[in-house]
Amino acid sequence: QVQVVESGGGLVQAGGSLRLSCGVSGSVLSVDALTWYRQAPGNRRELVASIGKGGRSNYGDAVKGRFTISGDNAKNTWYLQMDNLEPEDTDVYYCDAEVTAIGGYLGVIWGQGTQVTVSA
């Protein structure tokens with residue numbers, strides 16, 4: 001059983017910072033890619049950032065220059081550092097992980113999301 005769990009969300013004032021964490025636990029052999037998305041109820045899912053096994057990262061246009069994705073493969077934990085937050089960043093943030101487990105390739109596994117609220 002492999003689980004993906006996000007944490008670190010909360011309420012912050014505009015201009016502030018938060019760091020989200022995404023932990024992948026269970027019988028994990030490798031995480032080949034990790035992606036952060038955000039989505040509010042009724043809205044379209046938006047790419048925030050992604051990182052591959054080699055460390056190459058990619059960012060959505062709305063967060064470039066403000067957010068940074070990083071990871072610790074040894075701990076199977078990835079982070080999204082969010083700086084200079086804006087009210088428009090308010091959303092539920094999800095991470096998904098492309099996982100190979102001891103039993104074989106599992107594909108993409110989603111977490112339950114963490115709420116980020118930025119007040120003006």
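Strands are DSSP runs of E with at least two residues, and they are numbered from the N terminus. The legends below describe close-up views of a predicted model.

Figure 1. The C-alpha trace spans about 45 × 25 × 20 Å along its principal axes, and 42% of the 120 residues count as buried.

**Figure 2. Strand β8 and its two antiparallel partners.** Strand β8, which covers residues 77–82, is joined by six bridges to strand β7, residues 67–72, and the two run antiparallel. Two of the residue pairs in this view are Phe-67, whose bridge partner in β8 is Met-82, and Ser-70, whose bridge partner in β8 is Tyr-79. Strand β3, made up of residues 18–26, also runs antiparallel to β8 and is joined to it by six bridges; here Leu-20 stands opposite Leu-80 of β8. Strand β8 is mostly covered, with five of its six residues buried.

**Figure 3. The turn of the β7–β8 hairpin, with Asn-76.** The hairpin of β7 and β8 has four residues between its strands, and in this hairpin Asn-76 takes a positive phi near 50°. Asn-76 is placed in the loop between β7 and β8, and its phi is a positive value in a residue other than glycine. Is Asn-76 buried or exposed? Asn-76 counts as buried because its relative accessible area of 17% is under the 20% cut-off.

Figure 4. Asn-84 is found in the loop between β8 and β9, the latter strand covering residues 91–101. The phi of Asn-84 is near 50°, a positive value in a residue that is not glycine. Because its relative accessibility is 45%, a value between the cut-offs of 20% and 50%, Asn-84 counts as partly exposed.

**Figure 5. Arg-66 and the residues it touches.** Arg-66 lies in the loop between β6, residues 57–59, and β7. Which residues does Arg-66 touch, if those up to four places away in sequence are not counted? They are Gln-81, Met-82, Asp-83, Asn-84, Leu-85, Glu-86 and Asp-89. Among these, Met-82 is the bridge partner of Phe-67 in β8, and Asn-84 is in the loop between β8 and β9. Arg-66 counts as buried, since its relative accessibility of 9% is under the 20% cut-off. Val-48, which is 18 residues from Arg-66 in sequence, has its C-alpha atom 11 Å from that of Arg-66.

Figure 6. Strands β9 and β10 form a hairpin with two residues between them, and they pair in the antiparallel sense over six bridges. In this pairing, Ala-97 stands opposite Ile-109 in β10. The loop between β9 and β10, where β10 covers residues 104–110, is the place of Ile-102. Ile-102 counts as exposed because its relative accessible area is 64%, which is over the 50% cut-off. How far apart are the C-alpha atoms of Ile-102 and Leu-29? Although these residues are 73 places apart along the chain, their C-alpha atoms are separated by 5.4 Å. When residues up to four places away in sequence are not counted, Ile-102 touches Ser-27 and Leu-29.

Technical notes: Residues are numbered from 1 along each chain as its sequence is written. This is a predicted model: local features need pLDDT of at least 70, side-chain atom pairs count only at pLDDT 80 or more; totals for chains, interfaces and linings use all residues. Side-chain values use heavy atoms; hydrogens and water are left out. Buried means under 20% relative accessible area, exposed over 50%, partly exposed in between (1.4 Å probe, protein chains only). Two strands pair if DSSP finds at least two bridges between them. Contact means heavy atoms within 4.5 Å.
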